[in-house]
Amino acid sequence: SIYEIASLYENGQGVAQDLEKAFELYSKTALLNYCEARCKLGDFYKHGVGGICQDYNKAIKYYEESVGYGNYRLGIFYKDGVVVKQDLQKSADMFKKAIVYNNIDAIYEIANCYENGIGVTKDLNWATALFNLATEVGDTNARAKAMYKLGMLCKYSIEMYWFYSHSIQRYEIELKKNICGYGAWFAYTSSNFELSSQEDNEAFKWFEEAESLGNADAMFKLASWYEQGKGVTKDSSKAVDLLVQAAENGHVGAMYKLGLMLVKGEGVSTDLKNGIRYLEQAANKGNVDAMNALADCYKNGNGVSKFEFRANDLLEAVKCLKLADESFKEAYSYEHSENPEDLNKAIRSYMASEKQYLAAKDCYRDVGDKTEAVKSARNGKFRCIIKAIIKKVEIDYFPKSTDSVPESTDAVL
């Protein structure tokens, strides 16, 4: 079909990538009322690719015309409140509609909405049903995330109602209220109705499932349980193995904990070389606890050559990171204030956060992963500028050099 050929040109599969040709073919397909093609046109206008200028109004128009396919994107727009005025209820409604049209990405989003009461009345029943569904229909990463979420819900002994076939009446009522189709489907197709409080073994099951799919958070949680003997037979060796797996899969908390255990010989044989290695990995990712521990090692010559200057640099970097995090939290709070005038305060706080993150890197040049934090602070700053323009708030800050301007406004989405 024309749509499939357009997709080949868009992704460079079997042909040389040609975004302009892809846009042309998607446009032809959209005229045939092909919803997926309209959603693709929305993507092109959102990003300003394929030889066209970035145009959020046209992107929104095409997303709205693409029925279910564009609802997920619109849900993100309304959730973030960048391109349009933030409307959490409308965002949740969009995610619900996207699920009805089989958009798998929206399952996790609406489940999170129900879990935390974002744009909907908090309902752990629906959150649980939807997270369960995500473990069945999502890709590997989505399934692992959903299983971890279910484990966390069970861990805190939250009472969750499982939906079964006797709840068909609720299924019919909820469909009339336009509640997500997948959640209703889950309610309808299960086997029988009962009410039960989830125990630790239920959480353990979900953490194990998530761990088997490579979820580092689940590995870290399981390590803690085996270390404490919570819900399982205490097994220090198993706990260490899981910490190693979590650390090797990029879990910063596991890197720090494992490094500290190896340096101090707590629960394991002392291994200063590997202990320092893990602490450095965690410190390089901006973990302040690891930076403090590493500074202590350099100060006392424990596992490394005594080097007080490096210890002092680490401690100064910790101070900068703490100030940066505080400024970032303050900025986020101002950004989401109901008072539009607070956007200027948010901009200044995001700038302060960015400055402190960069100062931390000057103190301890190996804090490479804090570049993501710098990017988040910058994006927050420009996001607030866009919001201020939309809300007609007079801005008392504008970038004074092109170095501070993002290459594309898409950087703030």
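## Charged pairs and helix packing

R383 is buried, because its relative accessible area of 16% falls under the 20% cut-off. This value, like the others in this report, was computed from a predicted model.

The side chain of R383 meets that of E335 in a salt bridge, with 2.8 Å between N and O. This pair links distant parts of the chain, since R383 lies in helix α20 (residues 370-390) and E335 in helix α18 (residues 308-335), 48 residues apart. E335 also forms a salt bridge with K387, and the closest N and O atoms of that pair are 2.8 Å apart. Here too distant parts of the chain are linked, with E335 in helix α18 and K387 in helix α20, 52 residues apart. Taken together, E335, R383 and K387 form a linked network of salt bridges. E335 counts as buried at 4% relative accessibility, and K387 counts as buried at 5%.

A search of the whole structure finds 13 salt bridges, and another of them joins the side chains of D93 and K96, at 3.9 Å from N to O. D93 counts as partly exposed, with a relative accessibility of 30%, whereas K96, at 9%, counts as buried.

The table lists the salt bridges described here.

| Salt bridge | N to O distance |
|---|---|
| R383 and E335 | 2.8 Å |
| E335 and K387 | 2.8 Å |
| D93 and K96 | 3.9 Å |

### Helix α2 and its surroundings

Helix α2 covers residues 19-30, which is 12 residues, and it reaches 16 Å from its first C-alpha to its last, close to the 16 Å expected at 1.5 Å a residue. Within the helix, A22, F23, L25, Y26, T29 and A30 are buried, and what covers the buried residues of α2 includes α1 (2-11) and α3 (35-47).

Which residues does K40 contact, leaving aside its neighbours within four places in sequence? K40, which has its place in helix α3, is in contact with Y3, E10 and Y26. With E10, the side chain of K40 makes a polar contact of 3.2 Å.

In the loop between α2 and α3 lies N33, a residue that has a positive phi of about 60° although it is not a glycine. Most residues other than glycine have a negative phi. N33 counts as exposed because its relative accessibility is 55%, and the cut-off for an exposed residue is over 50%.

### Nonpolar cores and cysteines

The largest nonpolar core has 52 residues, and those with the most contacts inside it are F207, L258, L279, M291, L294, L314 and Y364. A second, separate core holds 24 residues, including A22, A59, L74 and F77. Of these, A22 is also one of the buried residues of α2. In soluble globular proteins, nonpolar side chains tend to be buried together.

How many disulfides does a search of the whole structure find? The search finds zero disulfides. As for the burial of individual cysteines, C113 counts as buried at 4% relative accessibility, and C297 counts as buried at 3%.

### The chain as a whole

The secondary structure of the protein chain comes to 20 helices and two strands. The protein chain has 413 residues, of which 45% count as buried. Among contacts between residues at least 6 apart in sequence, 54% join residues at least 24 apart.

Methods:
Residues are numbered from 1 along each chain as its sequence is written. This is a predicted model: local features need pLDDT of at least 70, side-chain atom pairs count only at pLDDT 80 or more; totals for chains, interfaces and linings use all residues. Side-chain values use heavy atoms; hydrogens and water are left out. Helices (H or I, at least four residues) and strands (E, at least two) are DSSP runs, numbered from the N terminus. The expected span of a helix is 1.5 Å times one less than its number of residues. Buried means under 20% relative accessible area, exposed over 50%, partly exposed in between (1.4 Å probe, protein chains only). Contact means heavy atoms within 4.5 Å. A polar contact is a pair of N or O atoms within 3.5 Å; within protein, one must be able to donate a hydrogen and the other to accept it, and residues adjacent in sequence count only if both atoms are side-chain atoms. A nonpolar core is a set of buried Ala, Val, Leu, Ile, Met, Phe, Trp, Tyr and Cys residues joined through side-chain atoms within 4.5 Å. A disulfide is a pair of cysteine sulfur atoms within 2.5 Å. A salt bridge is a side-chain nitrogen of Lys or Arg within 4 Å of a carboxyl oxygen of Asp or Glu.
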